[in-house]
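Visitor: I am new to this structure and would like to learn how to read its features. Could we go through them in turn?

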Amino acid sequence: MCRQEFLAQLRKGLSGLPQDDIEERLTFYSEMIEDQMEEGRSEEEAVSAIGSVEEIVAQVVAETPLMKIAKERTKPKQRLRGGEIVLLVLGSPVWLSLGIAAFAVMLSLYLSLWAVIISLWSVFVSLAACSVGTVLAGIVFAAGGSGASGLAMLAAGIVCAGLAIFMFYGCKAATNGTLLLTKKPATWIKTRFIGKEVA
């Protein structure tokens, strides 16, 4: 694929973004192709070394904030007429309250999900602190002449340390899963905005 075809496909793929962002990306990738060609590669080799247009578009969409895409997509292409303004104002008690309710539900689900993650991490911290405390208490009891109590405390500390280690890996996996779970819908919404623009 030649540079012009690549840039034309990239422009089409990014058509839902603000025009300044599109031009910035096109300039960046055009300069990247030129740099590759200055190193002795042919135009086709330089274009293929950059990667596919779909991968680049997916990366750009993932990096672009959702509000920026939504603002560009919902920007009116023409001025609203008087009748349209009246309809928007008269319908605002319905569409505004539904929008606020939908936003509140989505926000509460998002916050509840992260509240569970924070709770899991707090359990991990508690287990880690408990293991350190009971090991130290076990040493103090053993040194003070209460060997059986000291040994029991040491055993409890070791059990808490083992549970803390398992809890750490579980919390880490849950956090990564939640990050992925919250990132995927945002990327999907962004691609829907851009997809509507291309269509």
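Visitor: Is Gln-59 buried, partly exposed or exposed?

Guide: This is a predicted model, and the answer is computed from it. Gln-59 has a relative accessible area of 42%, so this residue is partly exposed. Gln-59 belongs to helix α4, which covers residues 53-63.

Visitor: How far is Gln-59 from Thr-187, in sequence and in space?

Guide: The two distances are read separately. Along the sequence, 128 residues separate Gln-59 and Thr-187, while their C-alpha atoms are 9.8 Å apart in space.

Visitor: How many helices and strands does the protein chain have?

Guide: There are seven helices and zero strands in the protein chain. The pattern read along the sequence is α-α-α-α-α-α-α.

Visitor: What percentage of the residues count as buried?

Guide: The protein chain has 199 residues, and 23% of them count as buried. Contacts can be sorted by sequence separation too. Among contacts in the protein chain with a separation of 6 or more, 67% are between residues 24 or more positions apart.

Visitor: How many salt bridges are there?

Guide: A salt bridge needs a side-chain nitrogen of Lys or Arg within 4 Å of a carboxyl oxygen of Asp or Glu. The count by this rule is two. One joins Glu-34 to Arg-3, with 3.2 Å between the closest N and O atoms. Glu-34 lies in helix α2 (residues 19-38) and Arg-3 in helix α1 (residues 3-13), so this pair ties together parts 31 residues apart in sequence.

Visitor: Where is the salt bridge of Glu-23?

Guide: The side chain of Glu-23 meets that of Arg-11, at 2.9 Å from N to O. Glu-23 is in helix α2 and Arg-11 in helix α1, so the pair ties together parts 12 residues apart in sequence. Glu-23 counts as partly exposed at 34% relative accessibility, and Arg-11 is partly exposed at 37%.

Visitor: How many disulfides does the structure hold?

Guide: A disulfide is a covalent bond between the sulfur atoms of two cysteines. This structure holds zero disulfides.

Visitor: At what angle do α2 and α3 pack?

Guide: Packing is described by an angle and a distance between axes. For α2 and helix α3 (residues 43-50), the angle is about 125 degrees and the axes are 9 Å apart. The two helices are therefore oblique to each other, and α2 passes α3 in a right-handed crossing. Residues making the contact include Tyr-29, Met-32 and Ile-33 of α2, and Ala-46, Val-47 and Ile-50 of α3.

Visitor: Which residues of α1 and α4 make their contact?

Guide: The axes of α1 and α4 are 10 Å apart, at an angle of about 35 degrees. The crossing of α1 past α4 is right-handed. On the α1 side the contact is made by Phe-6, Gln-9, Leu-10 and Gly-13, and on the α4 side by Val-53, Ile-56 and Val-57.

Key:
Residues numbered from 1 in each chain as written. Predicted model: local features only at pLDDT ≥ 70, side-chain atom pairs only at ≥ 80, totals over all residues. Heavy atoms only, no water. Helix = DSSP H or I, 4+ residues; strand = E, 2+ residues; numbered from the N terminus. Buried < 20%, exposed > 50% of the residue type's maximum accessible area, 1.4 Å probe, protein only. Disulfide = S-S within 2.5 Å. Axes fitted to C-alpha atoms, helices over the stretch in contact; angles between N-to-C directions. Parallel < 35°, antiparallel > 145°, perpendicular 65-115°, else oblique. Left-handed = near helix turned anticlockwise from the far one by under 90°. Contact = heavy atoms within 4.5 Å.
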